[in-house]
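Here is a short briefing to read alongside the structure. Let's walk through the backbone, the ligand and the aromatic rings in turn.

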Amino acid sequence: MTQANEAIDMQGPEFRADPYPFYARMRRETPIFKVKVSGFGREAWVVTRYDDIVGALKEPKLSSDMVRLRTEGGGARWIPRPFRILAKTMVTTDDPDHARLRNLVHKGFTPSMVERMSGRVQEITDELLTKLEGRDTVNLLEEFALALPMIVISEMLGVPEGQRAKFRRFMLHLLDGPPPSMWRLISGMANNIRMIRYLDGLINLRRTEPDDGLITALVAAEQSGDRLSQDELVGMVFLLLLAGHETTVNLIGNGVLALLDNRDQLDRLHEHPELIKPAIEELLRHTNPVQHSVIRFATEEIEIGGMPIAKSDRVILMLAAANRDEAVFANSETLDIARDPNRHLGFGLGIHFCLGAPLARMEGAIALNALVQKFPDMRLAVPRDKVKWRPNSLLRGLAELPIKLGPEKKERSLAA
Ligand code: HEM
């Protein structure tokens, strides 16, 4: 994205490293503004104030139906199948289709269901941390922050161990691929075709070798009638794998970085592990693993914060900007792991409120508490300004997180 009226590159490395001063200025001066959205070749409104975003997330005249957006909203008339299947998921569909899709899987993600999995999550966490013992420097992102949610969602869905790394490679291409161009379109199409073949393969495996995972349950739902088409089944497995991999990794990765940036808060959590629940809410608010909503469009003319939004206009709800709104959060730029109340919008709101919120909260809490207890002296292994962010505006996450696990060694005096 690039700002239409200002010289600011919202995809650039400097902006990605710290977008918050810009959001603060926009909230103050131009709370709703237009940007050019890369890939769409069009403009979209960006909304930055908390109250305006809450209103918009509850607005039934804002649709997130991506296929409708591309066809009715003045975009492409026809969308090739490899793009269409992946664009027609629960989060990019309106009710009643959205509710039908969500009802098929919501039971697997309820707080009580997730609570039952916490023992297994603790076990995986301990195994991953044991592997780090005795090592000096590690890339905490790959070896812990990503590894944990990847194993958990794969086990929930029933993805065999040997096939898990492949999905991550598809994701890196899809989310961090080259900038928009004809080449990106062609290579993106090829990546999607391969990924759909891979997802088809997982679904066929669970048709012939059922287990107690979610793919098997969805296959049974598909076979029981018209509740789920084959394309919807592929879209569902895609969305759950994507959301399971690519969000919690950022909660853990960005969370560790924020705690290292605020050592007093890391020490506080180390001394008071019982603060982990409010700490996770605060890390969600402060680090925003998902920066903004999926793109919406107005099905009729509406107003947001007094600004007229014309029919078919696109809208991006900048959750990360809302979560630092000083009108709602006292000392909004400060990380306070005991913050209360904390009505952040990190998981969205309304009909698309994050289905995986209980799972993400539980995984984040177990992971960060265990890590901080085991390695309280951990520190960055590179200078702070060398920390690199991934080139994705929706999901804000680190490219890597080089960490020294032990305390800083004191320089030996020559006389000793
Ligand atoms: C820290 C981790 C996570 C964050 C910050 C997060 C954030 C969000 C947000 C902001 C939305 C709403 C998007 C919108 O309205 O445009 C959403 C939706 C969704 N999330 Fe998450 N998410 C996380 C983890 C997960 C996990 C682990 C799963 C499980 C697979 C998951 C599954 C979903 C699904 C399926 C939806 C769509 C719900 C619907 O459309 O009804 N998320 N998430």
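Pro341 is found in the loop between helix 17 and helix 18, and the peptide bond that joins Asp340 to Pro341 is cis, with omega near 0°. Please keep in mind that this is a predicted model.

**Backbone features**

- A cis peptide bond also runs from Asp95 to Pro96, with omega near 5°.
- Pro96 has its place in the loop between helix 5 (81–87) and helix 6.
- Asn331 lies in the loop between helix 17 and helix 18, and its phi is near 45°, a positive value in a residue other than glycine.
- Is Asn331 buried or exposed? With 60% relative accessibility, Asn331 counts as exposed, because the cut-off for that class is over 50%.
- Ser312 is not a glycine, yet it has a positive phi of about 75°.
- You will find Ser312 in the loop between strand 8 (307–309) and strand 9 (314–317), where it is partly exposed, with a relative accessible area of 24%.

**Around the ligand**

- How many residues surround the ligand? There are 29, and the closest are His98, Arg102, Arg296, His352 and Cys354.
- His98 has a polar side-chain atom 2.6 Å from an oxygen atom of the ligand.
- For Arg102, a polar side-chain atom lies 2.7 Å from an oxygen atom of the ligand.
- His352 also takes part: an N or O atom in its side chain is 2.6 Å from an oxygen atom of the ligand.
- By residue class, the shell around the ligand divides into 18 nonpolar, nine polar and two charged residues.
- Helix 6 (97–105), helix 13 (230–246), helix 14 (248–261) and helix 18 each supply at least two residues of this shell.
- Which helix gives the largest share of the shell? Helix 13 does, with four residues.

**Aromatic pairs and cluster**

- A search of the whole structure finds nine aromatic pairs.
- The ring centres of Phe22 and Tyr23 are 6.4 Å apart and their planes stand at 55°, so this pair is tilted.
- Both partners are buried: Phe22 has a relative accessible area of 6%, and Tyr23 has one of 2%.
- Tyr50 and Phe329 form an edge-to-face pair, at 5.8 Å centre to centre and 80° between the planes.
- This pair links distant parts of the chain, with its residues 279 apart: Tyr50 is in helix 3 (residues 50–57), while Phe329 is in the loop between helix 17 (319–322) and helix 18 (357–374).
- Tyr50 is buried, with a relative accessible area of 5%, and Phe329 is buried too, at 3%.
- Phe22 and Tyr23 return in one aromatic cluster, formed together with Phe15, Tyr20 and Phe33.

**Charges over rings**

- Arg324 has its charged end over the ring of Tyr20, 3.6 Å from the ring centre, and Tyr20 is one of the residues of the aromatic cluster.
- Arg396 lies over the face of Trp389, at 3.8 Å from the ring centre.

Key. Residues are numbered from 1 along each chain as its sequence is written. This is a predicted model: local features need pLDDT of at least 70, side-chain atom pairs count only at pLDDT 80 or more; totals for chains, interfaces and linings use all residues. Side-chain values use heavy atoms; hydrogens and water are left out. Rings of Phe, Tyr and Trp (its six-membered ring) pair if their centres lie within 6.5 Å; planes under 30 degrees apart count as stacked, over 60 as edge-to-face and the rest as tilted. Buried means under 20% relative accessible area, exposed over 50%, partly exposed in between (1.4 Å probe, protein chains only). A charge sits over a ring if NZ of Lys or CZ of Arg is within 6 Å of the ring centre and within 35 degrees of the ring normal. A residue is near a molecule or strand if one of its heavy atoms lies within 4 Å of it. A polar contact is a pair of N or O atoms within 3.5 Å; within protein, one must be able to donate a hydrogen and the other to accept it, and residues adjacent in sequence count only if both atoms are side-chain atoms. Ala, Val, Leu, Ile, Met, Phe, Trp, Tyr, Cys and Pro count as nonpolar, Asp, Glu, Lys and Arg as charged, and the others, Gly among them, as polar.
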